[in-house]
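Subject: Structure for you to look at

Hello,

Here is the structure I said I would pass on. Please open it and keep it beside this message while you read the notes below.

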Amino acid sequence: MKFTSISAAAALLAACLAATPAFAAGEPDAPPPAGQRGPGGDHERGPGMPFGHVPLHRLKLTEAQQDKVFAIMHAQEPQHRDYDKAIRKAHDALRELGRADRFDEARAGALSRDLGQAVAAQALLRARTDAQIQAVLTPEQREQLSQHRMRGHDGGERP
């Protein structure tokens, strides 16, 4: 029993450490800063952008819809930034712990839980934001969005 929990913790730590390069400052694989486009233009967006990689301007939003989407996105940004910072902090601490002369199992477990909670909270925030924006769209715009996802442009569901 104890061996299984230690193995699981070690596997989780290894997965976290393997994912840390993307979060390191200045890494080319790191996501672009919020509000900036990545090298793929419309198909790579910064943190906090709704619907994965779907460019909302292709949905021809009305000015009122644009204002509502802006308000939704603006309202969630402080929380999103807090989660980004918590995730980065947990990754950094786990990486340092893995490089330390002495591995602290309890600290690794606590950091892993913190990381998991931050990732889960961020995923919930994104889902909530997407749902709020979805509610602003017309049925035709939702259909366009669905078609875009079906073609696999945002990593969403495919038939």
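Between which two helices is the loop that holds Lys 60 found? That loop joins helix H1 (2-19) and helix H2 (63-99). Before going further, note that this is a predicted model, and the values below were computed from it.

Lys 60 itself has a positive phi of about 50 degrees, although Lys 60 is not a glycine. As background, most residues other than glycine have a negative phi. Lys 60 counts as exposed because its relative accessibility is 69%, and the cut-off for exposed is over 50%.

For H2, 37 residues at 1.5 Å a residue should span 54 Å, and the end C-alpha atoms are 52 Å apart, which agrees. H2 also has a bend of about 40 degrees at Glu 77. A proline, Pro 78, follows within four residues of that point.

Helix H3 (105-136) has 32 residues. From its first C-alpha to its last, H3 reaches 47 Å, close to the 46 Å expected at 1.5 Å a residue. The N-terminal end of H3 is capped by Asp 104, with a side-chain oxygen 3.2 Å from the backbone nitrogen of Ala 106. The buried residues of H3 include Ala 108, Leu 111, Leu 115, Gln 122, Thr 129, Ile 133 and Val 136.

Gln 122 lies in H3 and has a relative accessible area of 7%, so Gln 122 is buried. Its side chain makes a polar contact of 2.6 Å with the side chain of Asp 84. Not counting residues up to four places away in sequence, Gln 122 touches His 80, Tyr 83, Asp 84 and Ile 87.

Thr 129 is also in H3. Its relative accessibility is 3%, so Thr 129 counts as buried. Leaving aside neighbours within four places in sequence, Thr 129 is in contact with Ile 72, Met 73 and Gln 76.

The nonpolar cores

In soluble globular proteins, nonpolar side chains tend to be buried together. Which residues make up the largest nonpolar core here? There are ten: Leu 56, Leu 59, Leu 61, Val 69, Ile 72, Met 73, Ile 133, Val 136, Leu 137 and Leu 145. The elements that give two or more residues to this core are H2 and H3. H2 gives the most, with three residues. Ile 72, one of the ten in this core, touches Thr 129, Gln 132, Ile 133 and Val 136, again not counting residues up to four places away in sequence. Apart from this core lies another, of eight residues, among them Ala 90, Leu 94, Leu 111 and Leu 115.

Helix H4

Helix H4 covers residues 139-150, which is twelve residues. H4 reaches 16 Å from its first C-alpha to its last, close to the 16 Å expected at 1.5 Å a residue. Which residues of H4 are buried? They are Gln 141, Leu 145 and His 148. Seen down the axis of H4, the buried residues fall within an arc of 60 degrees, so they line one face of the helix. On the other side of H4, Pro 139 and Glu 140 are exposed. The cover over the buried residues of H4 includes H2 and H3.

Leu 145, which is found in H4, has a relative accessible area of 0% and is therefore buried. Leu 145 is also one of the ten residues of the largest nonpolar core. The C-alpha atoms of Leu 145 and Gln 134 are separated by 9.2 Å, and these two residues are eleven residues apart along the chain.

Is Gln 144 buried, partly exposed or exposed? Its relative accessibility is 39%, so Gln 144 counts as partly exposed. Leaving aside neighbours within four places in sequence, Gln 144 is in contact with Arg 58 and Leu 59. Leu 59 belongs to the largest nonpolar core.

Regards

Terms used. Residues are numbered from 1 along each chain as its sequence is written. This is a predicted model: local features need pLDDT of at least 70, side-chain atom pairs count only at pLDDT 80 or more; totals for chains, interfaces and linings use all residues. Side-chain values use heavy atoms; hydrogens and water are left out. Buried means under 20% relative accessible area, exposed over 50%, partly exposed in between (1.4 Å probe, protein chains only). The expected span of a helix is 1.5 Å times one less than its number of residues. The arc is that of the directions from the helix axis to the C-beta atoms. Contact means heavy atoms within 4.5 Å. A nonpolar core is a set of buried Ala, Val, Leu, Ile, Met, Phe, Trp, Tyr and Cys residues joined through side-chain atoms within 4.5 Å. A polar contact is a pair of N or O atoms within 3.5 Å; within protein, one must be able to donate a hydrogen and the other to accept it, and residues adjacent in sequence count only if both atoms are side-chain atoms. The bend at a residue is the angle between axes fitted to the seven residues ending there and the seven starting there.
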